[in-house]
Every structure is written in structure tokens, then in C-alpha cells.
Amino acid sequence: MHDERNATHLHWLPLLAVLKQYPRAWFRHDLVAGLSTCVVMIPSVMAYAELVHLPPVTGLYAALAACIGYALFSSSRQVIAGPDAAIGLLAGSVILPLAAGDAGRVAVLAAELALLSGALLLLAAQLRLGNVADLLSRPVLVGYLNGASLLLLATQLGKLFGITTVGDAFIPHIQSLLSQIHAVHAPTMMLGLGLITLLWGLARWLPKVPGALVACTVAVVLTEVLDLQRYGITVAGAVPRGLPQPATFAMSWSDINALAPAALALAFLTFSDGILLAQTFAAKHQDEVNPNQELVALGVANVLSALCQGFAVSASQSRTAVADGTGARSQVAQLVAAAGLLLFLLFLTSAIDQLPTVALAAILLVTAARMLELAPLHHLLRIDRVEFGIAMGVTGAILVAGVVPGIILGILVSLIAVLVEISRPGGAVLRRLAVDGKFHDCKNDDEGEYIPGLLVYRPYAPLIFANARHVLDHIETLAEQAGPTLRWLVIDAQAITDIDITAGEKLAQLQRELLAQGVELKFADCPRPLREQLQRLNARGLLEPQEFFVSVGKAAQAFEQRP
């Protein structure tokens, strides 16, 4: 009984399994990686809090909670969780209109949204929906990231120029910016442009140096030495010291209804990015990750963030890369990062009192530029124009209607595209090649030979309600074109992994029509699930008895040897 209980704990808390066999030599690597990640994390998570229209300290709260929750429950040894630019932008775009300018309401809605998103992730884990993220196809993710990047740029340009822009979407922000361009605050803009140049330069020539930390340090030093506040440059001000107080809020049904679509979109996006990142680094280190366990880890991270006055969090690609690049061996590195955040909140928050707010805008503008997926977009254009259109459509929807409608539109368009593709699958009439005596889908009309009286057809899809009429009507047309000499119609079923009742009824109708014309329907190379389903249809009287051959070649041999 004790062993079973331990096994259950190890299953739900992968960190315990790691610690149980933790080599002492790993700790030095995890310590260095955790501290490095913490140093990089502090300025960036403070900037991401701006996206959710919250004080910078809430980014630290969210990061602390996310690191602890994710490290405890994640099956990934490398991934670091915390606030993310794309997730923060989505959350902020939903929260701001609902808050109606009430700062206290913004904080409550941000926590509620994180709680709802975390609850959906935990529910998905309970239902073992680890593959749910597949609904967000690559074109949708590319379109989302491009749309989010442009929207993020629009929201931060005003802060770079020292003016206040208004609006909930891309176009209103740009219009507001252009209408106030005469009121640009030159000192703020010059400082911001200088910090952007510094960030780009460090990324280009010293990529291992934590650019955000350097930029914030330079900005604080300049503020202290040159007294930049006297030139009208605003600073963050006093940052509360100490741990976050546990959030207390009673979620109303009206809030749930208003936030539910965004929570669902957040859950999809959070898990899609998280599992992709976890699988990428697991493959690099020849590890394995459990998708359902990642749902649990991301869900717990979001719930803890909500309870610590934070906001929605996700896996962070940049911080994960830092941790991995500095030698992280396990989830312990993330706990070290959490400890560093804890010490900062308790003793060092006064170090950022003089941080100019334009420094945070500079970090976000550089982040937005790096988020742009231009190369993948060009790749989609070259490979598949339909998927390119989906990506551009999602980007356009985000810029015009907002982040959540854009993601929902992308999911719907992707599902429709899948249904269209499934409903019109390809197929081929097979011919026998003299060189090997086997049947192939020949590209050239002069290749291969037809056997008089025998027609072999290979559908390239399962037979379901969405494509049954298209596929079987095409087969019927081919049989009519073969003429009165046709005696056997052999279906090469290697690609037919399933057949539903609608397709089964249509197949039975085709079989009856062929028999009336003296044509027998045969099957070759059938997967076991298909054979069993056809036998069940036969047992219910829907189909005539079938004859199965292990290959098309065997079917052709039997045809030629028939009396």
C-alpha cells in the first residue's frame, strides 16, 4: 500500500521522482542556471505586467508562483514558466474593456482570467486531452504571433514617444498615435531609442549577455546620475517589498461569462506553446514529456499565479533557452530561480524605484519585433497558399477585431480546412509494372498495364460521412468507364483505417449496383480495424460477404486464375 502511494505521488509530482535519484553533481549546474534565469527574468516579467495594465511588481508575483507551480508538476526538466508577451497581450486586450478604467477591477479580472484558464487546463488534464493543442495549427500560431507582435508594437509606441494612446485594437492605437504625434516628448523618445539600440546591439554581438537587465541597469544609472525626472521622464516609483498577499475574490457569473472565451483561447495557446517548447528541449536532451502532465503543470502555474495577485502565465522560450544554455539539469533550476525572485521581493525592490517606464516599453518593443514570424510566413507562401491565407486571415482578424476573435477565427478556419480536405480526398487507379510485377500509382500514362476485366483503385483516406459520397461516386464512375468487360473491382484499402456507418451504407449500395452489373467487389491490404468493421456490417446484413486479399498482387493473381 505504501509503495502504491509513493508511485502515485511520483506520478503527479515528477519533481519527486527527479529528487529521488538526483545526482549531487547536478546541483552546481542547476544553481548557476537558476540564478542566471532569475537575473534575466526580473526586468522582462515587470515589462509584461504592463501588457496586462498592472503594476510591474505583479509580474514578479506571477513569475514566482509560475516557477514554483510548474517546477513541482512538470514532466519537462528544462522548461521555465512565467509571464509571456503573447499571453500577456491576449489577457490585457480582454481585461481592459471590461475594467472600464478601474485599476482595482483590472487586477481582479486578471486573476480571474488566470484562474479560469488554469482550471480549464486542469480539466483538460483530467479528461486526458493532451492532444487538444493540435487544434491550433502552425498557420494559426504564425498568424497569431504576427498579429500579436504588431498589436504589441502599436500599444508600446505611444510610451516610446511619451504620449498616451487609447484604443482596444491595432487601428485605434495607430490613429490615436498619429493624432498626437505633435506632442512627442523628445527626452523620453531619445532615451527609449537609445535603450532599443542597446538591446539590439547586445542581441547581435553579445547574445549571452542579459540585454533586458543591462538596459534596465543603464536606465536606472542614467536616471540617478543625470536626474532624468527633471526632464519629464517618468519612473516606476516605489515597488512594494515583500511577498504577495493571497488574493481573495468571489467570481461572479457575469465575469465568468465575459472571460470564458478568452480563458479558452488562453488555455489553447498556453498549452500549444508549452508542449511544443517542452518537446523541443526534451528531444534535444533525449528525454520524454507527458502532454497530460504538462497540462497539469501549466494549470497549477496559472492557478497559483491567480492566488498570488498575478495574471496568466505560460512557458517562456527565452528563459528556457537561458536556463538550458547555462547548464540546467532538472526542475531544480526553476526552483532556484524562484528563490532568487523571493529574495529580490524581500530585500531588493528599492533598486528599481528609479527605473524609467520607457525602459519597459523598449524591452516590449524589441520583444514584439522578435516575435514576428516573417520567415515561417514566407515558407507557408511557398509551400501552401491556403495555409498562408489562414495565417494572414488570423493576423488581419487580430488587428481588426482583437486577439481572442482572431484566435477563434483561426481555429474555425483550420477545422473547416481539415473538413474540406477530408471530404475531397485523392485516389488512384493502380497499374502493374513489368519491372517488379507489383501495382503502383503511376504518374505517366504510358507506364504499367491494365489487366482486362480488373479495376484496382486506392483511396487515400478513411471512409467517413464527410467523404463517402465523393469517394464511392468516383469509384462508381470509374466502373462505368471500364465498360461491360469489367468483372472485379478491387479496392486497395491500405489507407482506409476506418469506415463509419454512413460510408458503410453507401458502400453497400455500390456493392449491390456492381453485382447487378456482374461486377464483384473485393478488398486488398485491409487494416484489421477496417476488416472487423466490414465484417460487422456484413453480420447486420448491410453488406454482402467480402473477400479479403493480403495484397493487390494476390488479388490480381486470383482474378487471373479464376475459371
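1. Helix α13 (residues 317-325) contributes six residues, the most of any element, to the lining of the largest pocket in this predicted model; helices (H or I, at least four residues) and strands (E, at least two) are DSSP runs, numbered from the N terminus. Residues are numbered from 1 along each chain, local features need pLDDT of at least 70, and side-chain atom pairs need 80 or more, whereas totals for chains, interfaces and linings use all residues. Side-chain values use heavy atoms, without hydrogens or water.

2. The largest pocket has a volume of about 1,500 Å³, and of its 40 lining residues the closest to the centre are Gln317, Ser318, Arg319, Ala321 and Arg370. A pocket is an open set of points on a 1 Å grid where a 1.4 Å probe fits, with protein on both sides within 12 Å along at least five of seven lines, and lining residues have an atom within 4 Å of a point.

3. The second largest pocket, with a volume of about 640 Å³, is lined by 28 residues, of which His53, Thr155, Lys159, Thr164 and Thr165 are the closest to its centre. Two or more lining residues come from each of α3 (26-51), α5 (85-99), α7 (138-161) and α15 (357-371), and α7 gives the most, with five.

4. Strand β7 (residues 488-492) is mostly covered, with five of its five residues buried, that is, under 20% relative accessible area with a 1.4 Å probe. Trp488, Val490 and Asp492 point one way from β7, while Leu489 and Ile491 point the other way.

5. Strand β6 (residues 454-459) pairs with β7 in the parallel sense over four bridges, where pairing requires at least two DSSP bridges, and Tyr457 stands opposite Ile491. On pairing with strand β8 (residues 520-524), β7 is again parallel, over five bridges, and the bridge partner of Ile491 in β8 is Phe523.

Definitions and conventions:
Buried < 20%, exposed > 50% of the residue type's maximum accessible area, 1.4 Å probe, protein only. Points joined across faces, edges and corners; volume = space filled by probe spheres on them.
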